[in-house]
Each structure stands twice: as structure tokens, then as C-alpha cells.
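Please have the sequence and the model at hand as you read.

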Amino acid sequence: METISSIAKRLNVTNGRIYQIIKEIPADKQPEKDAKGKYNFTKKSVESIESYYNSLSSPKTDNESDLVKQLRADLEDAKAEIKAKNNQIDKFQQLLDQQQQLNLSTNRQNEKLLDTATNNTPSQEDSPLQNDHTDVSEPTEGNYKGEETKTPKKGLFGWLRR
């Protein structure tokens, strides 16, 4: 005599799924209940449960195989994309290395130019620049009258500044 648990273990499903299958199969193939409400499984009822479950699972495996095929195709696409991205990263790394080498050689050339410029003696053209104070505004005869004139500030709170 079979039980719900033994059928569920054999089909690798839960007991609840077996109860659902019993409700879904035709009434003439369902197992009978005794006075206590327990199912009495006959060979015919067990076979009907198994055949119904197998009929449900076979289209599912087709769908699963389609899903697996789709997932494999997606995985191959992702691998190809990763390979392309890795190639791009390698190219960018090479370009970055070249740029760093160019910067280094430029810096070395600049340092050599600075060293040669500082080792030279100052020429006659450099001496007038040392006494040039054009950036500093100092009072001269033409631009300073001795009086300071303030222009009134304009604006909303200009009257406060007087």
C-alpha cells in the first residue's frame, strides 16, 4: 500500500503537489478515501498520478531546454562582449603607457632647458627687467594729487556705507 509521502519521494515533489495532482486528475482515476478521510491508493490510482505528473513535466522540460539554450546563447554573447572590452582595455593601457613615456621625455627635456637657462650669466637685456616696477602702482607726479577721492557706493544698502 502506497502513501502520499512515498509517491512524493518517488516523483521528487512535495506532498502538497501530490494533493494538487489528485484534485486535477479525473474522478474515475482518483484514489478512494476511507472513513477517516485517508486516501487508499491502488495500483491504478498511483499510475494515474504518475502519468499525469509526467505529462505535466514533459512540456516543462522542453521549455527548460529552450530556456537553457537561450541562457547558453546569452552567455556566449556576454563572453564575446567581455573579450571585446578586454581588448579595448589593453589598447587603452598601451596608449596610456605611451602618453606617460611622452610626458616623461618632455619633462626631461624641460629640465635640461631650465638647467641650461639658469647656468647662463644674465645678459644685458635682463637687467632692465629687474628694476621694472610697472606691476606695482606707485605714486608718480602724473597720477597722484595728494587727495583721495571716494566715489559713493551705489546699491540697495549704499547709504549705510557713508
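The model holds 2 salt bridges, a salt bridge being a side-chain nitrogen of Lys or Arg within 4 Å of a carboxyl oxygen of Asp or Glu. This is a predicted model, in which local features need pLDDT of at least 70 and side-chain atom pairs count only at pLDDT 80 or more, while totals for chains, interfaces and linings use all residues. Residues are numbered from 1 along each chain as its sequence is written, and side-chain values use heavy atoms, with hydrogens and water left out.

Both pairs are set out here.

| Salt bridge | N to O distance |
|---|---|
| Glu 2 and Arg 10 | 2.7 Å |
| Arg 10 and Glu 50 | 2.2 Å |

The second pair links distant parts of the chain, with Arg 10 in helix H1 (residues 4-11) and Glu 50 in helix H3 (residues 43-119), 40 residues apart. Helices are DSSP runs of H or I with at least four residues, strands are runs of E with at least two, and both are numbered from the N terminus. Together, Glu 2, Arg 10 and Glu 50 form a network of salt bridges.

How covered are the first two partners? Buried means under 20% relative accessible area, exposed means over 50%, and partly exposed lies in between (1.4 Å probe, protein chains only). Glu 2 has 26% relative accessibility, so Glu 2 counts as partly exposed. Arg 10 is partly exposed as well, at 44%.

H1 also has a buried side. Ile 4, Ile 7, Ala 8 and Leu 11 are buried in this helix. Seen down the axis of H1, these buried residues fall within an arc of 100°, so they line one face of the helix; the arc is that of the directions from the helix axis to the C-beta atoms.

Asn 12 follows H1 and lies in the loop between H1 and H2. Its phi is positive, about 60°, although Asn 12 is not a glycine. Most residues other than glycine have a negative phi. With a relative accessible area of 69%, Asn 12 is exposed.

In the next helix, H2 (residues 15-24), we find Ile 22. At 1% relative accessibility, Ile 22 counts as buried.

Now for the surface. Patches are made of residues with over 30% relative accessible area and no salt bridge, where like charges are joined within 9 Å and nonpolar side chains (Val, Leu, Ile, Met, Phe, Trp, Tyr) within 5 Å. Accessible areas come from the Shrake-Rupley method with a 1.4 Å probe, and for residues only the protein chains shown count as cover. Asp 74, Glu 76, Asp 77 and Glu 81 form a negative patch; Asp and Glu count as negative and Lys and Arg as positive, without His and the chain ends. Glu 76 belongs to helix H3 and is partly exposed at 46%.

A nonpolar patch of about 360 Å² is made by Leu 156, Phe 157 and Leu 160. Leu 156 sits in the segment after helix H4 (127-130) and is exposed, at 68% relative accessibility.

Stepping back, the protein has 4 helices and 2 strands, running α-α-β-β-α-α from the N terminus on. Of its 162 residues, 11% count as buried.

Conventions: The place of a charge is taken as NZ of Lys, CZ of Arg, CG of Asp or CD of Glu.
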